[in-house]
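User: I'm new to this one. Can you walk me through it piece by piece?
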Amino acid sequence: MGAHPLTSRFDQPIDREGSGALKFDGRAQTFGTTEVTPMWVADMDFAVPEAVSQALQARVAHPVFGYALAPESLYQALMDWLHTQHDWHVPREWIVLTPGVVPSLNLVVAALTQPGDGVIVQPPVYFPFFSAATGQQRRLLENPLRLVNDATGQPQYQMDMDHLTVCAQQARLLLLCSPHNPVGRVWQTAELEALLGIAEAHDLIILSDEIHADLVYPDAPPHQPLSRLSAQGVADSELASSHRIITAVSPSKTFNIPGLGLSALIVPNAQHRQAIQRHLTTPGVSVTNPLNMAAFEAAYRGGHAWQRALLDYLQDTRDAAIAYIQSELPSIKAVAPQATYLLWLDCRALQLDDDALKHFFIQEAQLGLSPGAMFGHGGEGFMRMNIATPKANVMAALAQLKTALSRKDLA
């Protein structure tokens, strides 16, 4: 397969230092030094699609930035994208705009559970999942993922359905990451159907965080929106009352605009939707502003070609990185992601505790990665590496790691 004609733009380095970028300008606070290559926080070092930058420039040209109201064209852009990309027909009334996916996690927990209710998370998982429950006095129930070898002998994560059934008996809500951050799994139909069966049997609401749904690699199985799957065979008249799935979506990861802070919840159940809207409006949270609306709509309307080129580029980078790790870094194993621009590195063979592992990456390899321990149970001994940067940066970082390991006789 030939390279997409737009992929060359992702090789162009962009100096982000001094721009207020957390990834770069937050290094001293996060790692205690600026002398690390930053490959941690999950944003990309790539310029946004031309459609987005043009829309922002056009909006900035207007001299007034007053209170903002989302136009119907914004909702239609999202609905068209979900239809085109995922064959998912979402009615307009199901969409609730929110100020980001992390706020959405907290919002749903607050709106649909009570203090003391059980909330299930599946570690190792994106760390705000934990605080969404514990920070609101909900009872955290952990259903750890299982790391096994697939049919080809490669490491892959699976859900522990038997244990999930036990957890579901004590829970009101499950926070699902689909595709999964940090392990990169794209959950497949059989797994999701088993999950839905457990939810139905135990009256469990599921919030499915699908923010990485548009970052599935071309050689991976397709993403299955859980809400769409759960609605198959359900009559429209039954759907609004019986639907227990809420989906978080956003253009932020796909099009590299997380700093603009606009996302959406897809909420088929009218009672759930009303409860969420009440909790959203009570603190007076401002969801939309003139710039995030312009970027949101433009990304979904004009970002198709850019997204396809991005995935081609990321797949090439992923494959090159994994090949290098396998040939040059035998003490480290990479869990090949089916989605996301995150590599989950198994460093347990180094036999370092988590503090020592973090110290080694920062001080010896001069790499700023996300420690696996922050993602909860099962993340100990792992590191998460963000590869959404020019490929040359990724390969240079791995070479730094090889040198550091060689000095320690750990290669």
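User: Where is P179 located?
Analyst: This is a predicted model. In it, P179 sits in the loop between β7 (173-177) and α8 (189-201).

User: And what kind of peptide bond runs from S178 to P179?
Analyst: A cis one. Its omega is near -10 degrees.

User: What joins N181 and P182?
Analyst: A cis peptide bond, with omega about 20 degrees. P182 is in the loop between β7 and α8.

User: Backbone angles next. What is the phi of D203?
Analyst: Positive, about 55 degrees, although D203 is not a glycine. D203 lies in the loop between α8 and β8.

User: What about Q366, where is that?
Analyst: In the loop between α14 (354-364) and β13 (367-368). Q366 is not a glycine, but its phi is positive, near 55 degrees. At 39% relative accessibility, Q366 is partly exposed.

User: Change of topic: pockets. What volume does the largest pocket have?
Analyst: About 590 Å³.

User: Which residues lie nearest its centre?
Analyst: V41, A42, Y126, F127 and K253. The lining of the largest pocket has 29 residues. The elements giving two or more residues to that lining are α2 (27-31), α5 (101-112) and β14 (370-371). The largest share is from α5, with three residues.

User: How many of the lining residues are charged?
Analyst: Four. Another 17 are nonpolar and eight are polar.

User: What lines the largest cavity?
Analyst: It has 14 lining residues. L82, E210, A213, D214 and V249 lie nearest the centre. Helix α4 (residues 72-86) gives the most to this lining, four residues. By class, nine lining residues are nonpolar, three polar and two charged.

User: And which residues line the second largest cavity?
Analyst: S250, P251, S252, I257, L260, G261, L262, N292 and F296. Five of these are nonpolar, four polar, and none charged.

User: Back to D214. Where is it in the chain?
Analyst: In the loop between β8 (205-209) and α9 (226-231). The relative accessible area of D214 is 7%, so it is buried. The cut-off for buried is under 20%.

User: What is D214 in contact with, beyond its sequence neighbours?
Analyst: Leaving aside neighbours within four places in sequence, D214 is in contact with W81, Q85, H86, T254, Q307 and L311. L311 is 97 residues from D214 in sequence. Their C-alpha atoms are 9.1 Å apart.

User: Let's talk about the core. How many residues does the largest nonpolar core have?
Analyst: It has 103. L265, I276 and M385 have the most contacts inside it. Helix α13 (residues 304-328) gives the largest share of this core, ten residues.

User: Which residues does M385 contact?
Analyst: Setting aside neighbours within four places in sequence, M39, Y341, L342, L343, L345, L369, V394, A397 and L398. Another core lies apart, with 28 residues. L145, W187, L192 and L204 are among them.

User: Last topic. How many aromatic pairs does the structure hold?
Analyst: It holds 16. F10 and W306 are buried.

User: How are F255 and Y300 arranged?
Analyst: Edge-to-face. Their centres are 6.2 Å apart, with 90 degrees between the planes. F255 is in the loop between β9 (245-249) and β10 (263-266), and Y300 is in helix α12 (residues 290-302). F255 is buried, at 0% relative accessibility. Y300 has a relative accessible area of 3%, so it is buried.

User: Which residues do ring pairs link into a cluster?
Analyst: F10, F46, W81, F255, F296, Y300, W306 and Y313.

How values were computed:
Residues are numbered from 1 along each chain as its sequence is written. This is a predicted model: local features need pLDDT of at least 70, side-chain atom pairs count only at pLDDT 80 or more; totals for chains, interfaces and linings use all residues. Side-chain values use heavy atoms; hydrogens and water are left out. On a 1 Å grid over the protein atoms alone, a cavity is a set of points where a 1.4 Å probe fits but cannot get out, and a pocket is an open set with protein on both sides within 12 Å along at least five of seven lines; lining residues have an atom within 4 Å of a point. Grid points are joined across faces, edges and corners, and a volume is the space filled by probe spheres set on the points. Ala, Val, Leu, Ile, Met, Phe, Trp, Tyr, Cys and Pro count as nonpolar, Asp, Glu, Lys and Arg as charged, and the others, Gly among them, as polar. A nonpolar core is a set of buried Ala, Val, Leu, Ile, Met, Phe, Trp, Tyr and Cys residues joined through side-chain atoms within 4.5 Å. Buried means under 20% relative accessible area, exposed over 50%, partly exposed in between (1.4 Å probe, protein chains only). Contact means heavy atoms within 4.5 Å. Rings of Phe, Tyr and Trp (its six-membered ring) pair if their centres lie within 6.5 Å; planes under 30 degrees apart count as stacked, over 60 as edge-to-face and the rest as tilted.
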